[in-house]
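We'll go from the overall layout down to a few backbone details.

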Amino acid sequence: MEPVRFGVIGCGLMGREFASVSMRWLHLACELPRPVIVAACDLSPKNLDWFRQVPDTKYFYSDYHELLANPEVEAVYCAVPHHLHAQVYGDVIRAGKHLIGEKPFGMDLAACEEVEAAMAGRPEVFVRCASEFPFYPAVQQMVKWYREGAFGQIIEARFAIKHSSDMDLAKPINWKRMRAANGEYGCMGDLGIHTQHLPFRLGFSPRTVSAQLANIAKTRPDESGVPVPCETWDNAILMCEAQNTAGDTFPMQLEMKRMAPGCTNTVEYEIYGLNLSARFTTDDPNAIHYTQAVGREQAWARLVIGQKTLYPVITGSIFEFGFSDSLLQMFAAFVSELRGLPCSFGCFTPAEAHLSHRVLTAALESYTQKRVVTLE
Ligand SMILES: NC(=O)c1ccc[n+]([C@@H]2O[C@H](COP(=O)([O-])OP(=O)(O)OC[C@H]3O[C@@H](n4cnc5c(N)ncnc54)[C@H](O)[C@@H]3O)[C@@H](O)[C@H]2O)c1
């Protein structure tokens, strides 16, 4: 099958994850075009050099415009700081290259709209935003149950992602903790989409937002150990009134925390319904916990799902699924949709990213004005 020839812009943490995915494509037990990373671009020579060990990569750039001028590049994975998203994603699209851009898909709502304007000028370009956690098989089980109507009337839902490495106040500051590069959203820009892909795709539509935001670490050491202001929000709790397509109205909580004791990128998805309730956590990534209503008492069960993936893999279904497996599934979904192949659960769409920005913008407004903000 003809591969998809990619360029990577931003060869840091996530750029490398994609390179790893592209090299373990034989893990998939199905026919899908492999993403072949022919070109890489980074301002940092050290980060770019890492890509010299990728056997497919033969073009190395420090200026992404040169990568975009390369006719061999058909699609781009872009993983750069948030303040660059609008310009770089827009340039990728205007160059006619398909794009999978990293979250939050623009530093703010205006930046997201700039990317959408570029899309309007190049409707033939396929654009998606990266978001991998819904590709855990246990989460896909939740999706299946929801689509089958097993939950019944929804009572409540909660979607969270929690880190704790920032609890170490000696952890040096980086761009994700600086307003100039990370924007006003702080932790919400970094983490928001991880809490939104699943509910938005299930059709849980937020109607109102009431936010509690906390800036706990007011300073952090810079590279030389000197304390400098750390102005970004560390923790955010958004309480929304949500409605689904069945017309149920219910509370939906979105939690994004950099300072959550004991958590290391802990994702928690919980949907409670009158007939069925289900909980997933990356602390127990292999399993889904569920309970069925049988009157006044309910008992929680733990169902081990293993590697029953959206796209079949060579790994036996009894073995555990992990973070890098979810990235493999996400890129499989991206190339499937790009090539018009079947895809029952696709990557986060630009329209969903727009809704995400509206929710996060409303959260800032809610917290500063101390009121509940209604989304029109
Ligand atoms: N999907 C996920 O789970 C996940 C996890 C972490 C980060 N992210 C997202 O990925 C993106 C990048 O985050 P990261 O953690 O990889 O950051 P990073 O700092 O590790 O990497 C960013 C890279 O971009 C490079 N860069 C900066 N300006 C550039 C330019 N003009 N041209 C080319 N390269 C440039 C930097 O030198 C760096 O190597 C962000 O949008 C972030 O929110 C996603």
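Predicted model: local features only at pLDDT ≥ 70, side-chain atom pairs only at ≥ 80, totals over all residues.

Where they meet, 22 residues of domain 1 are in contact with 22 residues of domain 2. On the domain 1 side, helix 5 (109–121) and strand 6 (127–129) are the elements that give two or more residues. Helix 5 gives the most to that side, with five residues. Sorted by class, the side of domain 1 that touches domain 2 has 14 nonpolar, four polar and four charged residues.

## The nonpolar core

The largest nonpolar core has 104 residues, and the members touching the most others are Val8, Cys78 and Ala363. Helix 9 (residues 323–338) is the element that gives the most to this core, at eight residues. Domain 1 (4–129) and domain 2 (133–317 + 349–369) both give residues to the core, so it lies between them.

Which residues does cysteine 78 contact, if you skip its neighbours within four places in sequence? They are Ile9, Gly10, Val88, Tyr89, Val92, Leu99, Gly101 and Glu102. Val88, Tyr89 and Val92 are among the buried residues of helix 4, which gets its own section below.

## Around the ligand

The ligand is surrounded by 22 residues, and the closest are Gly10, Gly12, Leu13, Met14 and Glu102. Gly10 and Glu102 also turn up among the contacts of cysteine 78. By class, the shell around the ligand has 12 nonpolar, five polar and five charged residues.

## Helix 4

Helix 4 (residues 85–94) has seven of its 10 residues buried, so it is largely enclosed by the rest of the structure. The buried ones are His85, Ala86, Val88, Tyr89, Gly90, Val92 and Ile93. What do they pack against? The partners are strand 1 (4–9), helix 3 (64–69), strand 4 (75–78), strand 5 (98–101), helix 5 and strand 6. Just after helix 4, glycine 96 takes a positive phi of about 80°.

## The annotated stretch

UniProt, in an unreviewed entry, places the feature "domain: GFO/IDH/MocA-like oxidoreductase" at residues 139–273. Over residues 139–273 the chain is 21% helix and 38% strand. The end C-alpha atoms of that stretch are 16 Å apart.

If you're checking torsions, look at the peptide bond from lysine 103 to proline 104, which is cis, with omega near 0°. Proline 104 lies in the loop between strand 5 and helix 5.

Asparagine 265 has phi near 55°, a positive value in a residue other than glycine. You'll find asparagine 265 in the loop between strand 12 (249–257) and strand 13 (266–273), and it is partly exposed, with 14 other C-beta atoms within 10 Å. Lysine 370 is another non-glycine residue with positive phi, near 50°. Lysine 370 belongs to the loop between helix 10 (350–369) and strand 17 (373–374), and it counts as exposed because it has 8 C-beta neighbours inside 10 Å.

## Phenylalanine 319

Buried or exposed: which is phenylalanine 319? Phenylalanine 319 is exposed, with 12 other C-beta atoms within 10 Å. This residue lies in the loop between strand 16 (301–304) and helix 9. Leaving out residues up to four places away in sequence, phenylalanine 319 touches Gly306 and Gln307. Phenylalanine 319 and leucine 109 are 210 residues apart in sequence and, C-alpha to C-alpha, 41 Å apart in space.

How values were computed:
Residues numbered from 1 in each chain as written. Near = placed C-beta within 6 Å. Nonpolar A, V, L, I, M, F, W, Y, C, P; charged D, E, K, R; others polar. Contact = placed C-beta atoms within 7 Å. Helix = DSSP H or I, 4+ residues; strand = E, 2+ residues; numbered from the N terminus. Core = buried A, V, L, I, M, F, W, Y, C linked by C-beta atoms within 7 Å. Buried ≥ 20, exposed ≤ 12 C-beta atoms within 10 Å, placed from the backbone. Domains from an automatic or database assignment. UniProt positions renumbered as here; feature names shortened; annotations may be inferred.
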